[in-house]
Amino acid sequence: MTQLDGIVKPKTKRSKRFLESRAPKLTEDVKNAMIMKGGNTSETITQALKDIYSLKKPNAVLYKKKNITRPFEDSTSLEFFSKKTDCSLFLFGSHNKKRPNNLIFGRLFDFHVLDMIELGIEKYVSLSEIKISKCPEGTKPMLVFAGEAFDTDNEHKRLKSLLIDFFRGPTVSAVRLAGLEHVLHFTALDGKIYMRSYRSLLKKSGCRTPRIELEEIGPSLDLVLRRTHLASDDLYKTAHRQPKALKPKKKKNISHDTFGTKFGRLHMQKQDLTKLQTRKMKGLRKRRGGIVAEEEGQAPKVSKVES
C-alpha cells in the first residue's frame, strides 16, 4: 500500500479487501474487545481476564504477553493495538500495592480513547471453581441491571452503557426460547457492583409457559468503583451520531401514543349529502296509481263503485 497526501492506495487485491473491511459502514460490525494485562499482575487478575475472555469469545483478542503501560497516564499503546486488531473495546488488568487487583474497562471512538472506568476486585470466584455445565461459546447473554445508582449517578450511567457495549454480543433479528440461557446480572448496592453469571433452566410447569430457574455458573465478581475517565458531552454525542441513511423516515399523518398504538389520519373530499344513498323500506313505498298524479300536482283518481 502506498500513501500519498494522507490517502492510502492499495497495490494488491488483498490490501484492497483489507481497506474495505476497515472502511466506515452504515451498519457496524460486531465490536471486538482486546484483553491484556499490565507489567505486574496477580493470579486473580490473570484468571479473571481468562474468564471474561471465555464469556466474550469469539469477539475478543487475548494478549498473553505483559504490556508495560498505564492507560490513565498514556493511552497511545492502547490506541496502537486497537488500530492493529480493529478493536473498539478493551479490558486492561493490573496489580500493585496502591490499587490491587485492578480492572479497567474502556472503549474507543475513531481509534482514540472515549472513556475508561477503573474497577477493583474485592472477591472473585472463577469459572473452574463452580463445577456445573456451562453455556456454549458465543451465546448471546441477557443483561440485567439492578440498583438506583445505574439511573441516577452519572458515573454509574456511563458504566452501565460501557458494560452493555462490552457484553451485548451481535445484533440478531430473532432469538428462539431455548437460546435464552445465559444471564449476566449487575447489581449496584452500597457503593459496590456485584457481577453474577447464571444459566437459565427451563422446567416443566404443567402449562405452555415453562418455569424458569437460575443456576449460577460463574464467574462471580465483587467490584468497587475507582478512577474514571469520561468523555465530554459533545464528544459523547458525536460518538452516538447516526448517519442519515439509518434514521427512520417520518411518515405523514401517522402518530403513536404513549402505549405505542398507531393512529392514522385520512383526508377525503367533501361529500354531497343530497346524493347520499339511504336504505329503502317497504313501508315508505308509494302506490303505482298515485305516482303519476303526484308528479303532475293532482290528486289521485278514485274509481266509483256502482251499486
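Visitor: What should I know before I start looking?

Guide: The model is predicted, so local features need pLDDT of at least 70 and side-chain atom pairs count only at pLDDT 80 or more, while totals for chains, interfaces and linings use all residues. Residues are numbered from 1 along each chain as its sequence is written, and side-chain values use heavy atoms, with hydrogens and water left out.

Visitor: How many helices and strands does the protein chain have?

Guide: Helices (H or I, at least four residues) and strands (E, at least two) are DSSP runs, numbered from the N terminus. Here the protein chain has seven helices and 14 strands.

Visitor: What is a pocket, and what volume does the largest pocket have?

Guide: On a 1 Å grid over the protein atoms alone, a pocket is an open set of points where a 1.4 Å probe fits, with protein on both sides within 12 Å along at least five of seven lines. Grid points are joined across faces, edges and corners, and a volume is the space filled by probe spheres set on the points. The largest pocket holds about 1,900 Å³ of space.

Visitor: Which residues lie nearest the centre of the largest pocket?

Guide: Lining residues have an atom within 4 Å of a point. The largest pocket has 40 of them, and Glu 28, Asp 29, Lys 31, Ser 88 and Phe 109 lie nearest its centre. Elements giving two or more residues to this lining include helix 3 (76-85) and strand 6 (102-109). Helix 1 gives the most, with four residues.

Visitor: How do the residues of that lining divide by class?

Guide: Ala, Val, Leu, Ile, Met, Phe, Trp, Tyr, Cys and Pro count as nonpolar, Asp, Glu, Lys and Arg as charged, and the others, Gly among them, as polar. The lining of the largest pocket has 16 nonpolar, 11 polar and 13 charged residues.

Visitor: And what about the second largest pocket?

Guide: Its volume is about 380 Å³. It is lined by 18 residues, with Thr 69, Arg 70, Phe 92, Ser 94 and Asn 96 the closest to its centre. Strand 5 (89-94) and strand 6 are the elements that give two or more residues to this lining. By class, there are five nonpolar, eight polar and five charged residues.

Visitor: Is Cys 87 buried or exposed?

Guide: Buried means under 20% relative accessible area, exposed over 50%, and partly exposed in between (1.4 Å probe, protein chains only). Cys 87 is buried because its relative accessible area is 2%. Cys 207, at 56%, counts as exposed. Across the chain, buried residues make up 30% of the 307 residues.

Visitor: How many disulfides are there?

Guide: A disulfide is a pair of cysteine sulfur atoms within 2.5 Å. A search of the whole structure finds zero.

Visitor: Which peptide bonds are cis?

Guide: Most peptide bonds are trans. A cis bond joins Lys 57 and Pro 58, with omega about 5°, and Pro 58 sits in the loop between helix 2 (43-56) and strand 4 (60-66). Another cis bond joins Gly 218 and Pro 219, with omega about 0°.

Visitor: Where is Asp 86, and what is its phi?

Guide: Most residues other than glycine have a negative phi. Asp 86 is not a glycine, yet its phi is positive, about 55°. You'll find Asp 86 in the loop between helix 3 and strand 5. Asp 86 counts as partly exposed because its relative accessibility is 32%.
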